[in-house]
Protein chains: 2
Amino acid sequence: MNLKEYLAARIARVEAALERWVPAETTPPATIHRAMRYSLFAGGKRVRPVLCIGAAEALGREPRGIEDAACTLEMIHTYSLIHDDLPALDNDDLRRGRPTNHVVFGEAMAILAGDSLLTLAFEVLGKLPHASNDVRARLVAELATASGTVGGMIGGQVHDIEGEGQPPTAELLEQIHRAKTGALLRGSVRMGAIYAGATDDELRSLSAFGEHVGLAFQIVDDILDVEESSETLGKTAGKDQAQQKITFPAVYGLDRSKVMAEHEREAARAAIQPFGVAAEPLLALADFIVKRKA
Amino acid sequence: MNLKEYLAARIARVEAALERWVPAETTPPATIHRAMRYSLFAGGKRVRPVLCIGAAEALGREPRGIEDAACTLEMIHTYSLIHDDLPALDNDDLRRGRPTNHVVFGEAMAILAGDSLLTLAFEVLGKLPHASNDVRARLVAELATASGTVGGMIGGQVHDIEGEGQPPTAELLEQIHRAKTGALLRGSVRMGAIYAGATDDELRSLSAFGEHVGLAFQIVDDILDVEESSETLGKTAGKDQAQQKITFPAVYGLDRSKVMAEHEREAARAAIQPFGVAAEPLLALADFIVKRKA
């Protein structure tokens with residue numbers, strides 16, 4: 001399969017869905033919609049929405065309107081980046097190669113833009129045009145849990161903040177990363193499976209895939225922060241070490257971290273082997289995540 | 001009817017629901033759960049959850065588990081207060097007579113605590129134990145719309161921020177207040193009606209009631225900010241004038257504002273007259289909202 005073409009086609013559907021759901025820059029109050037769109041359409045890789053669509057396709061289904069559900073993952077991801085970059089949190093002024101949201105729109109508007117994207121994600125799920133109420137409710141619960149404080153994204157961020165400067169242990173590392181990025185990536189795959197009407201067995205296999213991919217993603221993220229330049233990453237490089245973050249390279253060293261990423265990719269592949277050729281896009285996505293350079 | 005007893009009984013159910021849904025202060029990561037609970041259990045009047053329950057009762061129903069849905073309104077309201085009080089927004093250090101969330105937990109944790117309450121509200125709605133998937137999905141859409149940027153709470157906040165220092169016109173005032181507090185109060189009533197399985201006609205009457213109560217609430221809020229002390233209010237008084245906010249007293253003067261609040265209360269009463277004696281609690285709540293002193 002041609003991953004580039006595959007990705008381009010899926011991303012185009014996700015972009016179109018985001019365009020439909022996010023109010024236009026001219027809709028009053030215009031400032032907040034400009035702020036939301038500034039970060040949402042900043043050239044993100046759309047990894048989470050594409051994982052969501054890929055999971056449904058791995059089950060041999062192409063359910064109508066799945067891009068509406070998938071695009072809510074990008075809203076959540078983007079809100080978390082906007083809030084993360086705030087002066088009170090990571091205090092970063094560069095993201096995806098551009099000034100961060102609060103640098104352009106001010107802190108007040110950046111906080112509200114994050115809140116708005118978070119709220120809009122659930123509005124879209126509650127209104128999904130082509131899904132049953134059963135699927136709508138399940139997806140709301142799934143996305144909220146993956147983004148929340150107990151084992152979810154916010155929980156991971158809090159562990160991360162509290163871990164700064166602490167001795168980097170394997171246990172703390174796992175706790176942070178399983179939640180901080182892992183939960184939403186796993187949730188992306190699960191939401192696609194749920195949208196497509198997966199059986200319990202299918203959902204279990206895809207959840208395992210999502211967990212391994214999530215871990216691989218974070219290991220690679222930690223490695224890139226050490227090895228790549230800010231220019232390549234489009235965000236400030238070397239921040240983890242400067243902030244004494246608990247990362248895979250800090251705990252295991254660079255070489256072992258690379259072996260671990262490879263190991264997680266293999267485990268991800270194994271989890272979806274039962275789906276055969278239909279899972280090829282997901283396999284290619286796992287490769288893409290491990291081999292990416294930014 | 002005895003409003004005090006009525007309120008106490010409904011509030012007790014709401015408190016119990018919040019206790020059940022919000023992770024304990026000892027659940028890791030503990031800091032975020034302490035921060036969430038600090039603001040959530042700070043002696044709020046629970047006006048929105050009680051309006052939600054009262055709306056269901058006005059239809060002659062007492063649907064099981066409605067307090068689970070009702071308590072999500074308090075989560076949204078509290079998140080908005082935490083974020084509103086941040087230095088980048090209203091920069092307030094007093095709320096409900098206590099130091100604001102960011103003063104106690106720091107700005108980073110206050111931002112995340114707000115995000116967490118917002119996320120949890122939708123998790124609860126997606127999982128409502130005693131509701132159908134139809135009701136779950138409709139409530140998610142309702143709450144998200146009432147809290148969002150187009151005619152919802154965040155939209156009102158943005159209009160409010162952008163209105164500071166501008167000439168106080170009646171048009172701008174209505175735009176701000178219909179959204180900033182009105183939308184969530186109207187949404188509270190509508191969510192109770194939807195939970196109770198209201199017909200379209202019933203929902204229309206209760207929506208009108210919610211709109212008038214919402215407007216009355218905001219007019220009284222503006223009046224109290226002028227007339228009462230910080231001690232009575234439990235938050236900084238006189239801030240509206242200091243920040244050149246567009247308020248009812250600023251546009252219409254105090255006396256005319258009081259007449260307008262009274263007028264909205266009457267309109268609210270009229271909207272639910274068809275429900276007869278079952279609507280007595282809602283009528284008493286409307287009276288309470290107009291006559292309150294804090």
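Chain A can be laid on chain B with an RMSD of 0.0 Å by a turn of 180 degrees and a shift of 0.0 Å along the axis, where copies are superposed by least squares on the C-alpha atoms of residues with pLDDT of at least 70 in both. That is the relation of a two-fold axis. The same surface serves both copies, since 100% of the contact residues of chain A recur in chain B; two residues are in contact if their C-beta atoms, placed from the backbone, lie within 7 Å.

This is a predicted model, in which local features need pLDDT of at least 70 and side-chain atom pairs count only at pLDDT 80 or more, while totals for chains, interfaces and linings use all residues. Residues are numbered from 1 along each chain as its sequence is written, and chains are lettered from A and ligands numbered from 1 in the order in which they are written.

The contact between the chains takes 43 residues from chain A and 43 residues from chain B. On the side of chain A that touches chain B, the elements that give two or more residues are H2, H6, H7 and H8 of chain A, and H6(A) gives the most, with 14 residues. Helices (H or I, at least four residues) and strands (E, at least two) are DSSP runs, numbered from the N terminus.

| Helix of chain A | Residues |
|---|---|
| H2 | 30-40 |
| H6 | 107-127 |
| H7 | 133-147 |
| H8 | 153-163 |

The residues of this side divide into 21 nonpolar, 15 polar and seven charged, with Ala, Val, Leu, Ile, Met, Phe, Trp, Tyr, Cys and Pro counted as nonpolar, Asp, Glu, Lys and Arg as charged, and the others, Gly among them, as polar.

Chain A as a whole holds 15 helices and two strands, and its C-alpha trace spans about 50 × 45 × 35 Å along the principal axes. Of its 294 residues, 56% count as buried, that is, with 20 or more other C-beta atoms within 10 Å of their own. Among contacts in chain A between residues at least 6 apart in sequence, 72% join residues at least 24 apart.

Ile289(A) lies in helix H15 (residues 280-291) of chain A and is buried, with 24 other C-beta atoms within 10 Å. Leaving aside neighbours within four places in sequence, Ile289(A) is in contact with Val47(A), Val213(A), Ala216(A), Phe217(A) and Val220(A). Ala216(A) in turn touches, beyond four places in sequence, residues including Ala261(A), Glu264(A), Ala286(A) and Val290(A).

Definitions and conventions
A residue is buried if 20 or more other C-beta atoms lie within 10 Å of its own, exposed if 12 or fewer, and partly exposed in between; C-beta atoms are placed from the backbone.
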